[in-house]
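I opened this notebook to record what I looked up in one structure. The entries follow the order in which I consulted it.

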Amino acid sequence: MALQIQFSSLKNLCFRWIRFLSTCSAPELPPCDFIPKKHKTKLSRFEIEQIHRINLNPCLKTWYKKPVMLTQGYMQYVWDDSGNRYLDMFGGILTTSIGHCHPRLVETIQQQSTKIWHTSSLYLTEEIHDFAIKLANHFPEPLRCLFICNSGSEANDIAITMSRLYTGAFDIIALRNGYHGSTLSTMPLCSIGVWKFPLPTSFGFHHVTCPDPYRGRVGGRFCRDSLIQTNRHCNCIDADHCQAADYYIEDLQTVMDTVLPKKFAAMFAESIQGVGGVVQYPKQYIKRAYDLVKQRNGLMVMDEVQTGFGRTGTNFWEFQSHGIMPDIVTMAKGIGNGFPMAAVITTAEIAQTLTIGSYFNTFGGNPLASAIGSTVLDVIDDDNLQMRSHNLGNRLLKKLAKIRDDYNGEIVGDVRGKGLMIGMEMMLHGKPMPKDHMDQIIEDCKDMGLIVGRGGPLASVFRIAPPMCINEDDVDFTAEVIRRSIEKYCDRQAKQNF
Ligand SMILES: Cc1ncc(COP(=O)(O)O)c(C=O)c1O
């Protein structure tokens with residue numbers, strides 16, 4: 001064991017040296033006053049890797065050549081076991097909404113955990129009511145009635161149940177390239193191959209063409225509700241006459257007329273597709289889809305798991321940008337800043353359907369979760385994080401679009417998104433960049449102190465969605481590191497092809 005520990009610290013030293021060398025010319029991380037606690041190891045790196053291999057399900061994959069072990073977080077920064085600091089521009093997959101270990105949230109957790117942190121919904125607690133009214137007040141009428149639950153998958157599961165019970169119909173429409181969860185009931189809602197299992201789950205679910213203005217069959221210069229448009233050309237004269245929206249709506253209508261029975265339960269959509277690679281639809285698409293669903297008495301369910309809580313900048317919920325009033329909205333991730341919780345909101349009438357039988361979960365809305373949810377909302381409002389997301393998102397979008405244009409759209413094919421939910425689609429020889437090439441860039445970013453995410457059906461999209469407390473220096477640092485990593489990648493490619 002002693003030998004193993006010695007070897008692992010030697011290896012650690014080597015990695016730190018390599019990182020030091022590769023970062024000699026790297027942009028400097030913005031300053032941070034916070035001093036992380038010294039990490040005391042209970043388990044050696046070797047033991048951790050062994051436990052990971054043997055005792056955790058092998059479906060849990062880690063990123064990077066040498067997986068990064070995080071030991072501390074503070075606001076937009078995280079530290080690894082060797083004390084290296086990183087700017088976390090992925091926020092634990094869009095979940096750390098207000099910042100790691102935000103002092104106000106830490107205080108709430110400390111206080112609540114000395115009062116009461118769990119009891120079931122069989123008893124009244126003040127916390128769930130305080131949270132419920134605060135959250136409901138962030139929605140327009142008639143969305144008033146909440147069910148607080150444990151995960152985004154559960155929230156969508158409940159939405160499936162309610163929409164079927166309410167309409168008395170079974171069939172559900174969803175968009176290709178969408179992601180709504182990994183449970184057996186939400187898996188068929190999803191339409192990204194890697195998130196599917198070869199199991200008979202899809203009965204009653206129908207997917208329509210993803211209205212993707214960049215990669216889809218049709219798309220152009222005015223499609224998106226974003227500062228940055230695709231570099232595709234189209235014949236549309238302006239944003240109000242978007243032929244792409246016409247095209248994709250026609251596809252939806254055809255599916256409704258030919259695949260679905262007259263009566264169906266609901267259409268599900270993310271307000272912006274997240275896991276699918278930050279795909280924004282042509283501006284009028286969701287509004288027109290909503291009108292079609294309503295003509296046929298179906299329900300519209302908007303999945304705000306990634307887009308909610310002010311992240312997209314212009315509105316607190318991104319469905320508001322589409323100009324619709326959904327029947328059901330599901331939310332998770334940013335709701336608890338990393339605490340496992342989620343919620344579904346709907347009208348009083350639709351909510352009644354869950355009383356036909358009994359629906360219960362053990363933890364949803366327990367006092368600790370509710371106190372956390374309540375403080376997260378306070379911080380988003382008090383610190384004006386929605387506006388911050390809007391302004392900083394625009395700053396970053398412009399800088400990334402400049403990188404795209406500097407490379408003539410050949411390496412960075414597309415930059416898109418709203419607020420602090422941004423995607424950067426990478427290309428190689430006119431095709432989505434292969435995974436091993438993406439790995440190189442993401443590794444270089446990490447070595448320069450930047451954590452970014454990735455997504456898309458072929459994992460060729462960089463996803464940027466940090467805690468909303470970042471500042472302008474963080475934005476500039478992010479753009480600079482991405483630029484340098486792409487430069488390095490292009491240099492390597494050029495050398496290889498020489
Ligand atoms: C849009 C969307 N909906 C639902 C989910 C499922 O949420 P959870 O992982 O909390 O079950 C996710 C997770 O990534 C998501 O991105």
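Entry 1, terms and model. I take helices (H or I, at least four residues) and strands (E, at least two) as DSSP runs, numbered from the N terminus. I note that this is a predicted model, in which local features need pLDDT of at least 70, side-chain atom pairs count only at pLDDT 80 or more, and totals for chains, interfaces and linings use all residues. Residues are numbered from 1 along each chain as its sequence is written, and side-chain values use heavy atoms, with hydrogens and water left out.

I found 13 helices and 16 strands in the chain. The radius of gyration (taken over C-alpha atoms) is 23 Å, close to the 23 Å from the globule rule for 498 residues, so the chain is as compact as a globular protein of that length. The rule itself is 2.2 Å times the number of residues to the power 0.38. Along the principal axes, the C-alpha atoms fill a box of roughly 65 × 60 × 45 Å. Of the 498 residues, 55% are buried; I use buried for under 20% relative accessible area, exposed for over 50% and partly exposed for in between (1.4 Å probe, protein chains only). I count a contact when heavy atoms lie within 4.5 Å. Among contacts between residues at least 6 apart in sequence, 74% join residues at least 24 apart.

I located cysteine 149 in strand S4 (residues 145–149). Is cysteine 149 buried or exposed? Cysteine 149 is buried, at a relative accessible area of 1%. Leaving out residues up to four places away in sequence, I listed the residues that cysteine 149 touches, among them Glu154, Ile158, Met341, Ala343 and Asn361. Alanine 343 is 194 residues from cysteine 149 in sequence, yet their C-alpha atoms are 5.3 Å apart.

I counted 13 aromatic pairs in the structure. Rings of Phe, Tyr and Trp (its six-membered ring) pair if their centres lie within 6.5 Å; planes under 30 degrees apart count as stacked, over 60 as edge-to-face and the rest as tilted. Tryptophan 63 and phenylalanine 90 have ring centres 6.0 Å apart and planes at 15 degrees, so I record this pair as stacked. Tryptophan 63 sits in the loop between helix H2 (45–55) and strand S1 (70–74), and phenylalanine 90 in the loop between strand S3 (85–88) and helix H3 (91–94), so the pair ties together parts 27 residues apart in sequence. Tryptophan 63 is partly exposed at 37% relative accessibility, whereas phenylalanine 90 is buried at 6%. I then looked at phenylalanine 309 and phenylalanine 316, an edge-to-face pair at 5.9 Å centre to centre and 65 degrees between the planes. Phenylalanine 309 is buried at 2%, and phenylalanine 316 is buried at 8%.

Most residues other than glycine have a negative phi, and most peptide bonds are trans. Which peptide bond is cis? I found that the bond from glutamate 141 to proline 142 is cis, with omega near 0 degrees; proline 142 lies in the loop between helix H5 (126–136) and S4. Tyrosine 64, not a glycine, has a positive phi of about 80 degrees. I placed tyrosine 64 in the loop between H2 and S1, where tyrosine 64 is buried at 16% relative accessibility.
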